[in-house]
Amino acid sequence: MDEDIILDIKNVTKRFPGVTALDNASLSIRRGEIHGLCGENGAGKSTLMKILSGVYPYGDYEGSILYEGKELKLENRSIRQAIEEGIAIVYQELTLVPSMTVGENVYLGKEPVESGSINWDKLYSDTQQILTKYGLDIRPQEVVKHLGVGRMQMTEIAKALSENAKVLILDEPTSALAEAEIVKLMEILEHLKSLGVTCIYITHKLEEFFRITDTVTVLRDGKIVTTQPTKDLSVESLVGYMVGREMKERFPRGNRQPGEVIFEVEDMHAVDPEESARKVLKGVNFNLRKGEILGIAGLMGSGRTELVQTIFGEYGKITSGKIILEGREVTIHSGYDAMKTGISLVPEDRKRHGLVLMQSILKNISLPNLDKFASFMQIDKDSELKESLVFAKSMAIKAPNMFIPCNSLSGGNQQKVVIAKWLMSNPKILIMDDPTRGIDVGAKYEIYKLMNELAERGIAIIMISSELEEVLGMSDRIMVMCEGASTETLEINEATEEKIMALATGVTLTENIQTKKNEVLQ
Amino acid sequence: MSAQTNTAGLLRRNLMANLQTYAIMLALVAIWALFAATTKGAYLNAQNFSNLLRQMTVTSFLASGMVLVIVTGGIDLSVGKLAGFVSVVAAYFQASVWTKVIPDQPILAAVLSILIGLGVGVLWGIAQGYIISYLRVPAFIVTLGSMWILNGAILLVTQGKTIPANQPAFSVIAQGYLPNWAGWVLGAISIVLLVYSTVRGRNQKRKYGFELAPLFLDLIKVIFFSALIAGYVYYVNLYNGVAVPVLLLAITVLIMSYISDNTRFGRYAYAIGGNREAARLSGIGIRKNVFQIFVLMGFLCGVSGVVLASYVGYGTIAAGNGYELDAIASCILGGTSTLGGEGTVIGAMIGSLIMTSLTNGLQMLNVAPAWQYVVKGVVLILAVLADVYFKKNR
């Protein structure tokens, strides 16, 4: 081969007690390409990344890695050394200090020091140079917590690039981004590519491989299944490689007939409870029918999450408007009230909001439902276990028993625990805030099937999703939000990606969408 | 997924879940063995053993409540001074009030002193809990301020003098011993209750169709704890019998363990400490729970203060000095995580016993107080270091 190979991974095997995470993997990455890594959770992607970034040091794995033609020898847990070699990682979870500025974050741990004190002017001007060079549109003096998620992600990239990285590894960079921000990220990656930076791109969103990558490598059970130029692949073939079998459809369509209207929100306005001048909801109207899945679409920051948390009684202070459940107006002051009324919320971020990670599956499932088994004086632990087991089984949670702590479960299984916990409270209305974020294709499919089953049983489901495809694939109707207000509710047969984007960005003419998208980012 | 797995799995799970408790028990045994050897057995004779348990009681009441406070992610720096304040108030009533109002009724006087002491603790807990949970001032700050206020209050009540609280009826609380026969009756009742609860537990599991833990395991458990109870009663009866404060502590620990493990209140505390956001979005009233925990903590300070007054026989200006740190150290030695979400009352009690065992043993060996502090500090840091190392390499 006469191609310019920057990273040559040869027969790498990494074993853990009882499991081979990476099994004789060989992979060549060409200089300047965007190389996609694809595979379900547990396929070995993270293990490979951890080897490249020095978390698992040289000698801890079998096989060899040639970087720029030389053996890559990273010391134990020396991420710093990997960075010095020119390999940088942007993790899925942001690793910024929110109270510091962009510049401080970019140079965190490597501040320019002159005779013992930090040279702030140099730090900020260097930061500005990096930002300009890579076409990142942020001010170095901006405090990170005031940035939106999209710009935090840019800061993260700037931080990784500040050492003149040759290889940039991006681990699910778009999982927290809305469509317009993703577009911007793609532009940045194209720009980096033109500057000769090699990118390894990991994502669960298959479309992105086709949008940005040159080559895709698929991993399954620690083995490399295939490496192919992206242009030779299709979504179907990719999924086929990932799961090792044909998957006919990504979004199973249930056979359901939504019934009468069970839930209505009328002209809801709400303010931030901490800061009552800040309006978070500015007129939301929608209704929900029994046994239907209502999708809520909208950009990041459009008030989707704020809306559902307010309905659940745990966020905004409602200033006007009505919530009507089964024909009667209800007032909900807390999550407890919401549960009693029959509304459950599967929150956005299962790790931060959904689970007590250190506790067992059992304790997590029963947590909101302890009233069922408890008198004032005691909890009937046997009936707690028995009941929870029923829901864990119906959810097909994969775990040896109920006493396993949730932090040892995969993302998909964690999400099932969160859903189980809320189904146990026997809701009439189940709100799911981005239920498949960051989980793999197989687990997503299971969650979709489950949602269909629940809807067929007559539960009304509200689903928020950042993925337009998912909203279009799963919903009966789609309510689109824009800047804290509801716009239109589209029937599924009249909804298209373009219509949704137009409503979400607040423009009516389709040709304006692209410009508006960019404006949103400014 | 099954409700339980086989015997080996069950044992392993139990071992892993309580690893830290077992490890610290081993440490305790090692400390005892060391002192027993260096004091030629005097350390573990009936008299000193009985005293050892009596000595740990005052701070142990505090530690049993502190566990829940720390588990929710909070801290309470005022417990030592609150117990001290309760002790001087109780002493004040014993010495100056009841002698005038009801001079001929020492028992009623003692009961009233106890109630007043508990009342003061609870009221302080209510005020403190309200400020922390509903007015949202950080617990660290509220309880730090509270500590100073109480220190001043102690000086105000005592006027800088020592108040006697050594009336016989009041002294029983911390200095009394049960007659030998009563110790045996109590021991027997405990064993019967232990057997009863085990049998009941098994029956209920059967009713629900769960796989039962093998009978021999439960048998071993029952026999072990019965032997522990009987051995304790036998041994302390060689000296003066079961000490009243130790009995009070045992009851408190049983109740606190039960609360933390078997009630919604306790479960919520662990959920709040484990992940506050998840707890909130699970419909748990966080403020209410935290408030209740501080009230409970206040009550236990009341108990501790009353026992303290009776134990020392005086209300002094230095009452409760530094007890909050002993209580916190006991919790941490016993495996309570300062980050919240983890910790057991039983663990804290073993932690407290270790602290007391060290103090007692070093005193017996006539080690200078300066070095006693050094040893205690080193042991605390080593224990946590071992834990950190151990968790990393599990």
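**View 1. An open four-stranded sheet in chain A of this predicted model.** The 4 strands line up in the order 14-13-16-17 with antiparallel pairing (strands pair if DSSP finds at least two bridges between them; helices, H or I with at least four residues, and strands, E with at least two, are DSSP runs numbered from the N terminus). Strand 14 (275-289) and strand 17 (328-329) of chain A sit at the edges with a single partner strand each, so one side of each has no neighbour in the sheet.

Some housekeeping: residues count from 1 along each chain as its sequence is written, and chains are lettered from A, ligands numbered from 1, in the order written. Local features need pLDDT of at least 70 and side-chain atom pairs 80 or more, while totals for chains, interfaces and linings use all residues.

**View 2. Strand 17 of chain A and its partner.** Strand 16 (residues 317-325) of chain A pairs with strand 17 of chain A in the antiparallel sense, over 2 bridges. I324(A) has E329(A), in strand 17, as its bridge partner.

**View 3. The contacts of I431(A).** Leaving out residues up to four places away in sequence, I431(A) touches V308(A), I311(A), F312(A), I343(A), S344(A), L345(A), V346(A) and I462(A) (contact: C-beta atoms, placed from the backbone, within 7 Å).

**View 4. The end of helix 17 in chain A.** Buried residues of helix 17 (residues 497-505) of chain A are I500(A), M501(A), A502(A), L503(A), A504(A) and T505(A) (buried: 20 or more other C-beta atoms within 10 Å of the residue's own). Just after this helix, G506(A) takes a positive phi of about 80°.

Methods: Two residues are in contact if their C-beta atoms, placed from the backbone, lie within 7 Å. A residue is buried if 20 or more other C-beta atoms lie within 10 Å of its own, exposed if 12 or fewer, and partly exposed in between; C-beta atoms are placed from the backbone.
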